[in-house]
Amino acid sequence: MSEALTRLDAMSEPSIFTRILQGEIPAEIVAETENVFAIRDIAPQAPVHLLVIPKTAQYRDVVALAAGDPALLAEVVDLAHRVAAEHADGDFRLVFNTGEGAGQTVFHVHAHVLAGGLNEKSLGG
Ligand code: 5GP
């Protein structure tokens with residue numbers, strides 16, 4: 001991201017996930033590492049529906065995250081695996097809605113972890 005865009009981002013409103021992380025909006029943080037945290041989705045689409053979110057709001061979607069910090073993307077996947085094992089049987093579907101047309105509504109990258117008796121025909125997300 002260019003310096004100008006980074007400055008613009010810093011000036012914009014904090015994302016809903018940053019506000020949750022800062023305790024401004026209530027949510028149970030079900031797991032956390034130094035760089036990543038997980039919460040339950042407020043509108044679950046599966047028996048277990050968690051969101052795994054980098055603490056930084058620097059990356060708007062998974063494409064930007066993969067390009068800018070692949071190690072952080074790997075941390076997201078690792079925490080997704082951990083919470084799927086803790087909250088279900090360890091099998092999970094990982095969904096990154098990417099772009100408005102794909103249903104992304106929060107432009108602070110996050111992974112949907114869908115688990116626990118998934119209907120095989122459902123695409124989830
Ligand atoms: P997206 O549509 O951007 O892929 O996913 C955003 C997700 O955030 C949605 O599944 C939505 O239900 C969830 N969400 C939005 N606001 C809140 C909130 O205040 N708390 C929690 N726990 N989840 C939220």
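Which element gives the largest share of the lining of the largest pocket?

A: That would be H2, which gives three residues to the lining. Before going further, a word on the model: it is predicted, so local features need pLDDT of at least 70 and side-chain atom pairs count only at pLDDT 80 or more, while totals for chains, interfaces and linings use all residues. Residues are numbered from 1 along each chain as its sequence is written, and side-chain values use heavy atoms, with hydrogens and water left out.

Here's the overall layout. The protein has four helices and five strands, in the order α-α-β-β-β-α-α-β-β from the N terminus on. (Helices are DSSP runs of H or I with at least four residues, strands are runs of E with at least two, and both are numbered from the N terminus.)

Now the pocket. Rolling a probe the size of a water molecule over the atoms shows where empty space is left. On a 1 Å grid over the protein atoms alone, a cavity is a set of points where a 1.4 Å probe fits but cannot get out, whereas a pocket is an open set with protein on both sides within 12 Å along at least five of seven lines; lining residues have an atom within 4 Å of a point. The largest pocket has a volume of about 400 Å³, a volume being the space filled by probe spheres set on the points, which are joined across faces, edges and corners. Of its 23 lining residues, Phe-17, Asp-41, Ile-42, Ala-43 and Leu-51 are the closest to the centre. Helix H2 (16-21), strand S2 (36-40) and strand S3 (48-54) are the elements that give two or more residues to the lining. By class, the lining has eleven nonpolar, nine polar and three charged residues. (Ala, Val, Leu, Ile, Met, Phe, Trp, Tyr, Cys and Pro count as nonpolar, Asp, Glu, Lys and Arg as charged, and the others, Gly among them, as polar.)

Let's stay with S3 for a moment. Seven of its seven residues are buried, so S3 is largely enclosed by the rest of the structure. (Buried means under 20% relative accessible area, exposed over 50%, and partly exposed in between, with a 1.4 Å probe and protein chains only.) Val-48, Leu-50, Val-52 and Pro-54 point one way from this strand, and His-49, Leu-51 and Ile-53 the other. S3 runs antiparallel to S2, joined by five bridges, with Val-52 as the bridge partner of Ala-38. S3 also pairs with strand S5 (residues 111-115) in the antiparallel sense over five bridges, where Leu-114 is the partner of His-49. (Strands pair if DSSP finds at least two bridges between them.)

Back at H2, Ser-15 sits in the loop between helix H1 (3-11) and H2. With a relative accessible area of 16%, Ser-15 is buried, and its side chain reaches the backbone nitrogen of Thr-18 at 3.0 Å. That's a polar contact: a pair of N or O atoms within 3.5 Å; within protein, one must be able to donate a hydrogen and the other to accept it, and residues adjacent in sequence count only if both atoms are side-chain atoms.

Finally, the ligand. Of the 16 residues around it, Arg-40, Asp-41, Asn-97, Thr-105 and His-112 come nearest, where being near takes a heavy atom within 4 Å. A polar side-chain atom of His-112 lies 2.8 Å from a ligand oxygen atom.
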